[in-house]
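I opened my notebook today to look up a few things in one structure. Please follow along with the model on your screen.

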Amino acid sequence: MKIGFLVFVAVALLAFLCSPNAVYGIRFVIDREECFSHDVKYEGDTIHASFVVIKADSTWHNSHEGVDLVVKGPTGDQIQDFRDKISEKFEFVAHQKGVHRFCFSNKSPYYETVDFDVHESHFTYYDQHAKDEHFNPLLEQISKLEEALYNIQFEQHWLEAQTERQAIVNEAMSKRAVHKAFYESAALIGASVLQVYLLRRLFERKLGMSRV
């Protein structure tokens, strides 16, 4: 029983490592518009996608506007539409196989760095052996395990991008706090120097008037 379980795990891991449907991730810098294509091999597959705006080129800009994303199918039909999003995670069922397009647009005047992931859920090995009744229960479990492993990898990548974005935001806030404290200190010192100068002028005037 134990050997059978180990064989099951080994087969599942091998299927996971050798499958062509790995999580597809890319990080890019967007000025105005960037489009990416993903070729869906099988009708009915579930497409998982996520994106996170990691940072903007301007230190003083927090990327509050976010980016827009439009997803279109092989015939040009619109599948998803997101507006002014800093991060988003979504999925949809591909009703047609073929090239799906993911087009990002940036309305802010700053370059934005975006982390983008796409994963297509499909288990080819299970399709090829669906008629074998002896293998059906085992292959079904392998398929579920493979999908769970992909989902963990997909979720982990998304969380890492979110964490990196938060670290950059925190660093930018710290820099702004330091700059604000510096300017406030400089303004306070300037005001103190001006007060001393005005008081000296006032005493010198009074001293001059008393001598007369």
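**Entry 1: a pair of strands**

I began with strand β4 and strand β5 (residues 78-85), which run antiparallel and are joined by five bridges. Strands here are DSSP runs (E, at least two residues), and helices are DSSP runs too (H or I, at least four), numbered from the N terminus. Two strands pair if DSSP finds at least two bridges between them.

A note on the source: this is a predicted model, where local features need pLDDT of at least 70 and side-chain atom pairs count only at pLDDT 80 or more, while totals for chains, interfaces and linings use all residues. Residues are numbered from 1 along each chain as its sequence is written, and side-chain values use heavy atoms, with hydrogens and water left out.

**Entry 2: Lys72**

Next I looked up Lys72, which is found in β4 (residues 67-72). Is Lys72 buried or exposed, or partly exposed? I found it partly exposed, because its relative accessibility is 38%. The cut-offs are under 20% relative accessible area for buried and over 50% for exposed, with partly exposed in between (1.4 Å probe, protein chains only).

Leaving out residues up to four places away in sequence, I listed what Lys72 touches: Asp77, Gln78, Ile79, His100 and Arg101. A contact means heavy atoms within 4.5 Å. I also noted that Val99 is 27 residues from Lys72 in sequence, with 8.9 Å between their C-alpha atoms.

**Entry 3: the nonpolar core**

Which residues touch the most other members of the largest nonpolar core? They are Leu69, Phe90, Phe102, Phe104 and Phe116, out of 20 residues in this core. Several strands supply at least two residues each, among them β1 (24-30), β4 and β8 (112-121). β3 gives the most, with four residues. A nonpolar core is a set of buried Ala, Val, Leu, Ile, Met, Phe, Trp, Tyr and Cys residues joined through side-chain atoms within 4.5 Å. In soluble globular proteins, nonpolar side chains tend to be buried together.

I checked Phe104 as well: beyond four places away in sequence, its contacts include Phe28, Phe51, Leu69 and Phe116.

**Entry 4: salt bridges**

My search of the whole structure gave eight salt bridges. A salt bridge is a side-chain nitrogen of Lys or Arg within 4 Å of a carboxyl oxygen of Asp or Glu.

In one of them, the side chains of Arg27 and Asp115 meet at 3.0 Å, N to O. Arg27 lies in β1 and Asp115 in β8, so this pair ties together parts that are 88 residues apart in sequence. Arg27 is partly exposed at 41% relative accessibility, whereas Asp115 is buried at 6%.

I looked at Glu88 and Lys85 too, where the closest N and O atoms are 3.7 Å apart. Glu88 counts as buried, with a relative accessible area of 19%, and Lys85 as partly exposed at 31%.

The side chains of Asp81 and Arg83 meet in a salt bridge as well, at 3.0 Å, N to O. Asp81 and Arg83 also belong to a network of salt bridges with Asp68, Asp84 and Lys107.
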